[in-house]
Amino acid sequence: MLENIYFYLPQIIIGTIVGLFTSIIGIFVILRKTIFMGVTLSQSITVAIIITFLFDLHFEFLVHILSILLFIPIYVLHNKVINQDALLASGFVFYAALGQILISIGANVQNHIVAAYFGNILFLSEKEWLHIIIPIIVISVLLLIFYKWFLAITFDKEYAYIINLPVNLIEILYFFILSAILSLSIYFMGSFYSIAHLIIPSIIALQISRSMKSAFIIAILISVFSTIVGFIISLIEINIANTKFNLPTSSTIILVLSLNFVFLLFKKFIK
Amino acid sequence: MAIEKQILVELSGVSIGYKNHQLIENIHLTIQKGEKILLLGSNGSGKTTLLKVIAKLVKPLKGNIIYHYKTISYIPQTKKIYDFPINIINVLRLYYPLFYPKDKQDKEIERVLKQMNLWDKRNLLLSECSGGELQRIYLARALLRNPEIILLDEPFNAVDITNKENFLSILEEMYTNLNCTLIMTSHDLNEKILNFFNKKLYIDNHKLIINQEN
């Protein structure tokens, strides 16, 4: 299967692009200490994607709108309760359970579970992957324009209020970009891949960087490296006791990402 | 004839706190230009909340507040910053308008960092800064806005005695140059600190007691 790598080139490119953008927004998620919120948001997006699978609806903006609608109650409540972690954990298990129930209602349950949680990038049609282009352009432009403000409210939200930055607008924009990137990432690569790319490259990058610019570059490099290596490993046919099989793509990429993390921990440990 | 001072904030019948928990009740206070106000009280008495009400960050539970100021700056309690890989100069750049000319930004930042004796350390990461340096960074950030009021929340928590005295002299210089109003919270009754301020507010048993020197 490895000789067919050129055949899978479009999928590798998509996986790399969505992974790369997920790791960029992951830097903000880590710095804002909203990992749990990101993970819960990813579950609500998974439910939105399952709904589109179930009713055979077109992707486009529907997943995005549905996931925002599903996440609104969590977002509204999280500022009003004392134990935010408990609320987010409840939201996480609620959406995970809802997703599984919805999958079990429809036909072809096994494939839908695999697609929602682990992605189905290898089986995407050419037309489908064109959907990535416009959202990625919009996200890139917004990130470039508002990068400084995202960082300003991440560093000190109260001061941003005091100097009259449009904090609420920036917050909405941030969650819009986060949910847009996660929608794309989960749709193409599954929710586990998205969570891994949201957290691991950025955590490693923030540990070893001396500037925000280098943190973003390192996170991107780790993400791209892990996606390409994981993809290639998953294309190698394994033969054990005359049984031939391939490793699942998203999970292999996650394992490569995790190995990077283990390597960092090991390096810190021996220091 | 007495010179009428410019009023910056007026609080009348204001109560502050959080849902089901009133911290200070029935505050009647006028903050004027050029005052140096020290806000004293025990931990949890409502000092920080009162600062945040003055900064419009927190709404009062009841009462009226009239804000006359245009610019205000807030210097938060100093906490060590571990996870942000950002240096001093880039932190100060964050709070400029999006398309503000970079050369103008750099000139202004150079001016305030020199004023705070931080110019040589401009490339230091925040995680490498001491408590005293972090405070001066926040002061530099405040100076960039030429504020009418500077709010300081427990600035002496993270510094030793020598740094306290240095910090007071920096505050004095800032006060003279900017002709601003300083409002600082503290639970430190050090004589030098007490003498620096001309108006003291005490929070005692949910009441604000005003003690003004003329």
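How many bridges join strand β1 (residues 7-18) of chain B to strand β2 (residues 21-32) of chain B? The count is 8, and the two strands run antiparallel; strands are taken as paired if DSSP finds at least two bridges between them. Helices (H or I, at least four residues) and strands (E, at least two) are DSSP runs, numbered from the N terminus.

The model is predicted: local features need pLDDT of at least 70 and side-chain atom pairs count only at pLDDT 80 or more, while totals for chains, interfaces and linings use all residues. Residues are numbered from 1 along each chain as its sequence is written, with chains lettered from A and ligands numbered from 1 in the order in which they are written.

Within the pair in chain B, I7(B) has Q32(B) in β2(B) as its bridge partner. The hairpin formed by β1(B) and β2(B) has 2 residues between the strands, and N20(B) in the turn has a positive phi of about 60°.

In chain A, helix α2 (residues 35-54) packs with helix α10 (residues 191-208) at an angle of about 160°, their axes 10 Å apart. Axes are lines fitted to C-alpha atoms, for helices over the stretch in contact, and angles run from 0 to 180 degrees between N-to-C directions. α2(A) and α10(A) are therefore roughly antiparallel (angles over 145 degrees). Residues of α2(A) including I35(A), G38(A) and V39(A) meet residues of α10(A), among them S191(A), S194(A) and I195(A); contact requires C-beta atoms, placed from the backbone, within 7 Å.

Terms used:
Parallel < 35°, antiparallel > 145°, perpendicular 65-115°, else oblique. Contact = placed C-beta atoms within 7 Å.
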